[in-house]
Amino acid sequence: MHVIVNQISRIAQDINALELVHPAGIDLPAFQAGAHIDIHLPDGYIRQYSLCNNPDERHRYQIAVLHERTGRGGSTRIHEKIQEGDTVEISEPRNHFILDEGADRYLLIAGGIGITPIKAMAERLHSIGANYTMYYCAQRPERAAFREKLSSGHFRDRVVFHYDEGSRENQLDLQSILKQHQPGTQLYFCGPHGLIKAINENAQHWPKGTVHYELFGAPTVSQGMTGAASVAAGSFSVQISSTGQIVEIPAHQSIVESLRSAGVECETSCEAGVCGTCQTRYLSGEVDHQDLILSEADRQDQILICCSRAKPGSMLVLDI
Ligand code: FES
């Protein structure tokens, strides 16, 4: 669908917020906290951005985009080529980072631009009268998106800012914060790899099903490999169940790349295991899941074919 970029505002150093509205001024499709949209950018790029406004709002979507000058180019296109009044194509919201609204209390942790889905969660938790605390880590105050809003109103007593000046020594004291799991508490966090890893390490003793996260940014791309996602070594075979066709997947190619070379159409977007567009059911095989979004339950019969693989030498049967 198409939306109008109604407003662009600078909300922190190198971070712009974009407000997107329907061209006819009508409501947009509803979304839940944690959802993201695809944005089709100039030059054919498609990127995913979390919606960060209150999910109760139907008249607009809001995204916040950090200008990553060394990134893959999506944020530069948004910062340099998209202007107020432009029409852009987006997908309907999709959600792989679903907020369980039935918990007794919530602990939210955001790092850097990972604030975007976490802010939507905080907005939603306030709307439903839930008990939550949020930690927001940034290098410095001027790099903290939505700082004014998150320091005032109903957020003021809920949000704890932590500035680390980019130094690991000043990192948020996760050990203390996560030391005890209070029964009924759910943990949601989003941020860069380092923060995700540190939180997971410190929350290992939390009960199964209470820890939820979304990585901000695509996985690291391995040097010398094709495609956006890195792939594990080892070749294997894929069988298309509807036709019986067998496609060999060499060590240096993803399933998507090999299928396309064999004339099989595959829909993709991020090609990095973070959006879910390429999610495919498999009927048999030993999958080496490399994605960042599927739950353990999903992984029993679903695979993201842009990044995940099968055991070297084995056969994976896809339900396509
Ligand atoms: S294309 Fe985005 S997860 Fe595969």
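What volume does the second largest cavity have? About 30 Å³. Here are some notes to go with the structure, which is a predicted model.

1. **The cavity and its lining.** The structure holds two cavities of 30 Å³ or more. The second largest cavity is lined by Val-5, Leu-18, Leu-20, Ile-39, Ile-63, Ile-78, Ile-82 and Val-88.

2. **Helix H1.** One of the cavity-lining residues, Ile-78, is also among the buried residues of helix H1, which covers residues 74–81. The buried set in H1 is made up of Gly-74, Ser-75, Arg-77, Ile-78 and His-79. If you want to see what these buried residues pack against, look at E1, E2, strand E4 (46–50) and strand E5 (61–66).

3. **Asp-14, between E1 and E2.** Stay with those two strands for a moment: Asp-14 is found in the loop that joins strand E1 (2–12) to strand E2 (15–21). Asp-14 is not a glycine, yet its phi is positive, at about 65°. Is Asp-14 buried or exposed? With a relative accessible area of 16%, Asp-14 is buried, because buried means under 20%.

4. **Glu-165, for comparison.** Glu-165 is another residue other than glycine with a positive phi, here near 55°. You will find Glu-165 in the loop between strand E9 (159–163) and helix H4 (174–178). The relative accessibility of Glu-165 is 52%, so Glu-165 counts as exposed, the cut-off being over 50%.

5. **The domains.** The protein is divided into domain 1 (2–90), domain 2 (105–215) and domain 3 (236–318). How far apart do the C-alpha centres of domain 1 and domain 3 lie? The distance between these centres is 30 Å. Domain 1 and domain 3 do touch: five residues of domain 1 are in contact with four residues of domain 3.

6. **Helix H2.** H2 runs over residues 115–127 and has 13 residues. From its first C-alpha to its last, H2 reaches 18 Å, close to the 18 Å expected at 1.5 Å a residue. H2 is mostly covered, with ten of its 13 residues buried. The buried residues are Ile-115, Thr-116, Pro-117, Ile-118, Lys-119, Ala-120, Met-121, Ala-122, Glu-123 and Leu-125. Note that charged side chains such as Lys-119 and Glu-123 are in this buried list. Just after H2 comes Gly-129, with a positive phi of about 70°.

7. **The second largest pocket.** This pocket has a volume of about 1000 Å³. Of the 32 residues that line the pocket, Val-211, Tyr-213, Leu-294, Ser-295 and Glu-296 are the closest to its centre. The lining divides into 15 nonpolar, eleven polar and six charged residues. Which elements each supply at least two residues of this lining? They are helix H5 (193–202) and strand E11 (211–215). E11 gives the most, with five residues.

8. Why does the second largest pocket lie between domain 2 and domain 3? Both domain 2 (105–215) and domain 3 (236–318) give residues to its lining, so the pocket lies between them.

Definitions and conventions: Residues numbered from 1 in each chain as written. Predicted model: local features only at pLDDT ≥ 70, side-chain atom pairs only at ≥ 80, totals over all residues. Heavy atoms only, no water. Helix = DSSP H or I, 4+ residues; strand = E, 2+ residues; numbered from the N terminus. Expected span 1.5 Å × (residues − 1). Buried < 20%, exposed > 50% of the residue type's maximum accessible area, 1.4 Å probe, protein only. 1 Å grid on protein atoms, 1.4 Å probe; cavity = no way out; pocket = protein on both sides within 12 Å on 5 of 7 lines; lining within 4 Å. Points joined across faces, edges and corners; volume = space filled by probe spheres on them. Domains from an automatic or database assignment. Contact = heavy atoms within 4.5 Å.
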